[in-house]
Amino acid sequence: MGSFAGPFWARLPYTLIGTGTVEQLGEMVKHLGGNKVLVVTDPGVVQAGLLEKVKQPLEKEHIEFGVFDKCEPNCPIHVAQACAQFAKDGGYDLMVGLGGGSTLDTTKLASITATAKDVSLENIRSYVTSGPPGRGLQTILIPTTAGTGSEISPVAVLVDVDGVKKVGRHEYYLARVAIVDPLMTQYLPPAITAQTGIDALSHAFEAYLCPTPNILADTLAEMTIKLISDNLRTAYRSGAQNLEARYNMAIAATYAMSTLFISGPTPNVSLYHAMGHSLQIEAKTTHGISLYLVMPVIMEYNLLATPERFARIANLMGEKIEGLPLQEAASKSIDAVKQLAMDVDLPQRLRDIGVKKEQIPKFVEVLFSNYAARIKANPRPISREDAIKLYESAW
Ligand SMILES: [Fe+2]
């Protein structure tokens, strides 16, 4: 393993993992000195009965709390603003984020903004683009999906008024505590299980295939790739009955994200997320679907750059590679990814989700105007023409 590389950071939040760990929420709040807690969540989570699981441990410890349940997908900036204003007006001193990546990101942004003098869109935008001015309120993050890994990342993603995703990265966005409880994902619908699981796989790939690997990130990436390959199908088909698969997916998602933040000085996510985001914005699809639709073509394009690593991925995903020439073994990783996606019923091509070929130049325009650093971090140089060809192959 070519992991002998330069220095790397390995800072992660204090993380409590395991079945039933959400019951310890009240103790965690007390441990952090929280007196008045704002639970930040969304209507889907409330409807799924998960808010109750968080209320109980708070009530048990007699902790005063309120609820903001108006989070929306993709963290629109005006929702982060409304949440921050709610927290400020209510005098809350600790926030508990409960939901998928978007809700957790809303919590992070609102936790910073709630302590600002002025809860304005301009301030929130600048905290993402130029960094937060201070720590903000303490946060405890509890994911209800197994995919985004937002509970462990120092990143907050928002969608601005113009529809463009903006990504802020700063240690102040790190949760004080992450609680990863597979019971919170037990009844996650199959389609969301599949899409968020593929997001986690992409995080692991992007760390494992980055130009500056290190032994810790590699070890976690290999573990998570194998866990996802071994468990996503079961979680998709029978997640409510098979808690072990949910447990393994929860661990995989959390640590797939962690690999991105111990993977050296290069930008966290790379071309996969850059092309995926550009597609997602224009095609109005989900994060997971857009990531998968570009994944096989980017793998194919990058295969030559690090064939040993792609061959290892193939092996981790259960492909037989013994005795095969290296390139052939490497390309088996693409077969494995396609098979996994087919088994969890993800769409296979851009045209399957209604994308028109004529939209492709727009995807490339969004890609190059927003994600220059990620494009630059790709192991193989990529021009606008190359990007058009990649989207066309995915079409
Ligand atoms: Fe992602």
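A residue is called buried when its relative accessible area is under 20%, exposed when it is over 50%, and partly exposed in between (1.4 Å probe, protein chains only). Histidine 203 is buried, at 3%. Histidine 273 is buried too, with a relative accessible area of 3%.

The model is predicted: local features need pLDDT of at least 70, side-chain atom pairs count only at pLDDT 80 or more, and totals for chains, interfaces and linings use all residues. Residues are numbered from 1 along each chain as its sequence is written, and side-chain values use heavy atoms, with hydrogens and water left out.

Start at the metal. Donors are N, O and S atoms within 2.8 Å of the metal (3.2 Å for Na, K and Ca); water is not among the atoms, so sites may look incomplete. The iron ion has the protein donors Asp199 (OD), His203 (NE2), His273 (NE2) and His287 (NE2), at 2.1 to 2.3 Å. Along the chain, these donors follow the spacing D-x3-H-x69-H-x13-H. Histidine 203 sits in helix H7 and histidine 273 in helix H10, 70 residues apart, so this pair links distant parts of the chain. Helices here are DSSP runs (H or I, at least four residues), as are strands (E, at least two), numbered from the N terminus.

Now look at the open space. A pocket is an open set of points on a 1 Å grid over the protein atoms alone, with protein on both sides within 12 Å along at least five of seven lines; a cavity is a set where a 1.4 Å probe fits but cannot get out; lining residues have an atom within 4 Å of a point. The largest pocket has a volume of about 1,100 Å³. It is lined by 49 residues, and the closest to its centre are Gly100, Gly101, Ser102, Thr148 and Thr196. Helix H7 gives the most to this lining, with five residues. Helix H10 (271-283) is among the elements that each supply at least two.

Helix H9 gives the most here, with three residues.

Last, the cysteines. A disulfide is a pair of cysteine sulfur atoms within 2.5 Å. By this rule there are zero disulfides. Cysteine 71 is buried, at 5% relative accessibility.

Technical notes: Grid points are joined across faces, edges and corners, and a volume is the space filled by probe spheres set on the points.
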